[in-house]
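Good morning. I have one structure to go through today, so please look at the sequence and the model on the screen.

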Amino acid sequence: MQDVMGKYNNLIKYLKLDFLRGTLYLSDSTNEYDRLKKYVEKIFEIDTTETQLKRFSWIKRYIISEDSKRWDILVGTASLLFAHNMQKMREQLLKEENIHGVITLKNAFFEVSALPTAVIVFGSNSAQEIWLTSAASSEDIITIFSNRDAYRKNVYYTAKLDPQNFMPENYNGEKERIDEALDKYETKTLKEIADIILGKNVSRWELGEMGIPYLRQRDIQNGVIIKPDTCVMESAVEKYAKQLLQVGDILLTKNFGQHKVARVTSDNLPAIASNSLFIIRAFGVPEEYLYEYFTSNTGKAILDKQLSSIERGATVVSISMADLKELRVPIFDEATMLSFSQVEEMKATDALLMMNQMNRLGAYAEQLSARQLGNDLEKRVYDDLLKAGWSKDDLQLDPRIYSINLKAGKWIPDIALVDGDKWLGAIEIKSDFSHLAPDWISKMREIIKESKIPCLTFSTGFYYEMHFTNRTIVKKLQEAPSKEMLLSILDGKECD
């Protein structure tokens, strides 16, 4: 049995190196690759085809045979499963191939790279049920192929894949539970009851201190619109007439999975919405109902799950207009919608109770898990930043959202510093910088140049050293920097 496990472990190691070979993610592995290739070619027959769809998006197909056994797999970057520009390829696979399974490979799978990767498994006949799961090691892969029933991680099953999204989490049953709850009521899609307008990006030279306030994602805090610090000059306002807000408009944030909702009042006008915001303007239902539904305990839980299921993106997740238009909303008679009493009865269903408990927005601040704040040192830095005036919304730790794609793989900072939808910086935390390789800091400086993050701060929890992309200064502090200090430096107001 040990020989069998060793044989398949070596096969997977070879496939890892072969997939990375020829890209920037592999170095100094030629001897290991050649050794493994000779080993596996004695046992397996491997047919490989390769396609480069775009820069750093590689797809390879392997057909592996051993005696009477045969495996047919497609390996590619994770964007293969969800990116809009790859949907035609997914449609083609569904039409021409018999897909049996989908595996997402966690960052730990590739020791030499954090490249987010996925595997699509084909079969000779059509499958009654398609399985979807994730793996973090060679042992996981072996278990999935040899005895999936014994696999301890979540495995989801579906009779039909949606070409818009092959990600396993999209098939965890939450959408079905939402639909089951909503099926008890008359529903309409959002596009049937509201106009949906995407805000617009305003050119830098059209912004100033005077004019019409320019609303961005960061200007929605705790469900309230705060006065922006930037305006669109009145000479340019006509270009953005469609994005001028009206009383009663509902604003929904587009990026970063934050799902902020706010309602426009007369105190907020005039204002223009940026491209980080959707404007939802009700026409088929009372505008009071739609806003109250989106912000009620039940509606918020449903909306959060609906939005999570349609988010796309590997580095910065966002919601597309087309997907948003298709969201289902329960509809009642006008008197009921104005009183909003019947919607709240939906809390009685088990599905919605569970969704309410799982609501990311309600629990996010309290669920800074051991994985995200994995040790006392990271918690100390996080707490010091809060004491320095940063808000919890400014300090982001979710690696699914706040990560950076680089030429050499994916980089996940310990803490991302943001201001609404804008990156301000990142923090790397180490207990001691003295034991690191001499070129470590220079490599980190190259990272911030490539990623274009304005500031990278190194911290030991007792010492903070700030490096900047476009400034030669290095700021050394004995306490956590404040947000005001960082913004002042980035604005060029503090240079010593």
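Among contacts in the protein chain between residues at least 6 apart in sequence, what percentage join residues at least 24 apart? It is 63%, where a contact means heavy atoms within 4.5 Å.

Some notes on the source. This is a predicted model, in which local features need pLDDT of at least 70 and side-chain atom pairs count only at pLDDT 80 or more, while totals for chains, interfaces and linings use all residues. Residues are numbered from 1 along each chain as its sequence is written, and side-chain values use heavy atoms, with hydrogens and water left out.

Now the overall count. The protein chain has 16 helices and 27 strands. These are DSSP runs numbered from the N terminus, H or I over at least four residues for helices and E over at least two for strands. Of the 496 residues in the protein chain, 51% count as buried. Buried means under 20% relative accessible area, exposed means over 50%, and partly exposed is in between, with a 1.4 Å probe and protein chains only.

Next, strand β23, residues 415-419. Five of its five residues are buried. Ile415, Leu417 and Asp419 are on one side, Ala416 and Val418 are on the other, and both faces are covered. What does β23 pair with? Strand β20, residues 395-396, pairs with β23 in the antiparallel sense over two bridges, and DSSP must find at least two bridges for two strands to pair. Here Gln396 stands opposite Ala416. Strand β24, residues 422-429, also pairs with β23 in the antiparallel sense, over five bridges. Asp419 has Lys422 in β24 as its bridge partner. Two residues lie between the strands in this hairpin, and Gly420 takes a positive phi near 70 degrees.

Lys422 comes up again in the second largest pocket. About 910 Å³ of space lies in that pocket. Of the 25 residues lining the second largest pocket, the closest to its centre are Leu207, Arg216, Arg218, Thr230 and Lys422.

How is a pocket found? Rolling a probe the size of a water molecule over the atoms shows where empty space is left. On a 1 Å grid over the protein atoms alone, a pocket is an open set of points where a 1.4 Å probe fits, with protein on both sides within 12 Å along at least five of seven lines, and lining residues have an atom within 4 Å of a point. Grid points are joined across faces, edges and corners, and the volume is the space filled by probe spheres set on the points.

Helix α16, residues 483-490, gives the most to this pocket's lining, with four residues. The lining of the second largest pocket divides into six nonpolar, seven polar and twelve charged residues. Asp, Glu, Lys and Arg count as charged, Ala, Val, Leu, Ile, Met, Phe, Trp, Tyr, Cys and Pro as nonpolar, and the others, Gly among them, as polar.

Thr230 also touches Pro213. Pro213 is in strand β11, residues 212-215, and is buried, with a relative accessible area of 16%. Pro213 and Pro270 are 57 residues apart in sequence, but 6.9 Å apart in space, C-alpha to C-alpha.

Last, helix α8, residues 297-310. Is α8 largely enclosed or open? Ten of its 14 residues are buried, so α8 is largely enclosed by the rest of the structure. Among the buried ones are Ile302, Leu303 and Asp304.

Methods: Lists of a residue's contacts leave out its neighbours within four places in sequence.
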